[in-house]
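Below is a brief report on one structure. It takes up an aromatic contact, then the sheet, then the helix packing.

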Amino acid sequence: MYDRFNRNINYLRISVTDRCNLRCTYCMPECGVDLIRHKEILSFEEILEVVKVSVGIGIDKIRITGGEPLVRKGIVELVKMIAGVPGIKDLAMTTNGTMLDKFAIPLKKAGLHRVNISLDTLDPVKYTSITRVGEIQQVLSGINAAKDADLNPIKINCVIKESPMEKDARMVAAFCKENDLEVRFIKEMDLEEGVFSRVIGGDGGHCKSCNRLRLTANGKVKPCLFSDLEFDVRELGAEQAILRSIGRKPQSGTENKINKFSNIGG
């Protein structure tokens, strides 16, 4: 389906949880964040209904995000449910990779096509500093598990301050080249201040060709990451929430003062 700016909206990002096993400095404060109450989180059946309605409207690309999606209990079953919907051409997941060693093969068998894995540095000490609690070896093991499971193409998301020429970014780029991985550089963003830019090596952040909607873990369909607009699937029903989101999708992002990166799947 096309929006009022003639963009073909065919991509839905689904945040299945606001929980995460890491505490990345650019994503949440050291003290953590206020978590969504369990009863407010969409059930698998509610998520599946949104997916079915979305595919009927023209969505054919689905990405599962979080928080960290692999901390959601039963995530493999949810992937299987979504993969069973006819019409989905691309089913992907964004993960920090620390749990992929356990989940890669079950996810592939359930129908997941590919993964994006977050990796901002190859320095073990700096990785722990950035994530506050993470161990880089878990991510490296997760990447190997994803390769073994054929979750290809494997894309690495690397957050940078300003340039891919930064030391850590160059280390990640070299690692990706050596291991047949695709790398995408994402500048640090600020929802409240409306600071965003195009993803280097990817499609994100290019408003003119933006083709995506977002479903938050508590059931809000958002037409734009950098907008306060959202439409509740529980109040409006999945079809109306999606149609209104497409109909009011802004030409360009501005600012978002009601969401956080930790719970919006950004």
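The structure, a predicted model, holds one aromatic pair. The rings belong to phenylalanine 196 and phenylalanine 226. Their centres are 4.6 Å apart and their planes stand at 35 degrees, so the pair is tilted. Planes under 30 degrees apart would count as stacked, and those over 60 as edge-to-face. The pair links distant parts of the chain, 30 residues apart. Phenylalanine 196 sits in the loop between β6 and β7 (212-215). Phenylalanine 226 sits in the loop between β8 (220-222) and β9.

**The sheet**

Nine strands form an open sheet with mixed pairing. Their order is β6-β5-β4-β3-β2-β1-β7-β8-β9. The edges are β6 (182-187) and β9 (231-232), each of which pairs on one side only. Within the sheet, β3 (residues 90-95) and β4 (residues 114-118) run parallel and are joined by four bridges.

Helix α2 (residues 75-83) lies across β1 (11-15), β2 (61-65) and β3. Against β3, α2 runs at about 155 degrees.

**Helix packing**

| Helix pair | Axes come within | Crossing angle |
|---|---|---|
| α2 (residues 75-83) and α3 (residues 100-110) | 8 Å | roughly 25 degrees |
| α1 (residues 44-57) and α8 (residues 238-247) | 9 Å | roughly 50 degrees |

Take α2 and α3. Their axes cross at roughly 25 degrees, which makes α2 roughly parallel to α3. The crossing of α2 past α3 is right-handed. From α2, the contact uses Ile75, Val76, Val79, Lys80 and Ala83. From α3, the contact uses Phe103, Pro106, Leu107 and Ala110. Eight residues of this contact are nonpolar, one is charged and none is polar.

Now α1 and α8. How are these two helices oriented to each other? They are oblique. The axes cross at roughly 50 degrees, and α1 passes α8 in a right-handed crossing. On the α1 side, the contact residues are Glu49, Val50, Val53, Ser54 and Ile57. They meet Ala238, Glu239, Ile242, Leu243 and Ile246 in α8. The contact of α1 with α8 divides into seven nonpolar residues, one polar and two charged.

Technical notes. Residues are numbered from 1 along each chain as its sequence is written. This is a predicted model: local features need pLDDT of at least 70, side-chain atom pairs count only at pLDDT 80 or more; totals for chains, interfaces and linings use all residues. Side-chain values use heavy atoms; hydrogens and water are left out. Two strands pair if DSSP finds at least two bridges between them. Contact means heavy atoms within 4.5 Å. Axes are lines fitted to C-alpha atoms, for helices over the stretch in contact, and angles run from 0 to 180 degrees between N-to-C directions. Angles under 35 degrees count as roughly parallel, over 145 as roughly antiparallel, 65 to 115 as roughly perpendicular and the rest as oblique. A crossing is left-handed if the near helix is turned anticlockwise from the far one by less than a right angle, and right-handed if clockwise. Ala, Val, Leu, Ile, Met, Phe, Trp, Tyr, Cys and Pro count as nonpolar, Asp, Glu, Lys and Arg as charged, and the others, Gly among them, as polar. Rings of Phe, Tyr and Trp (its six-membered ring) pair if their centres lie within 6.5 Å; planes under 30 degrees apart count as stacked, over 60 as edge-to-face and the rest as tilted.
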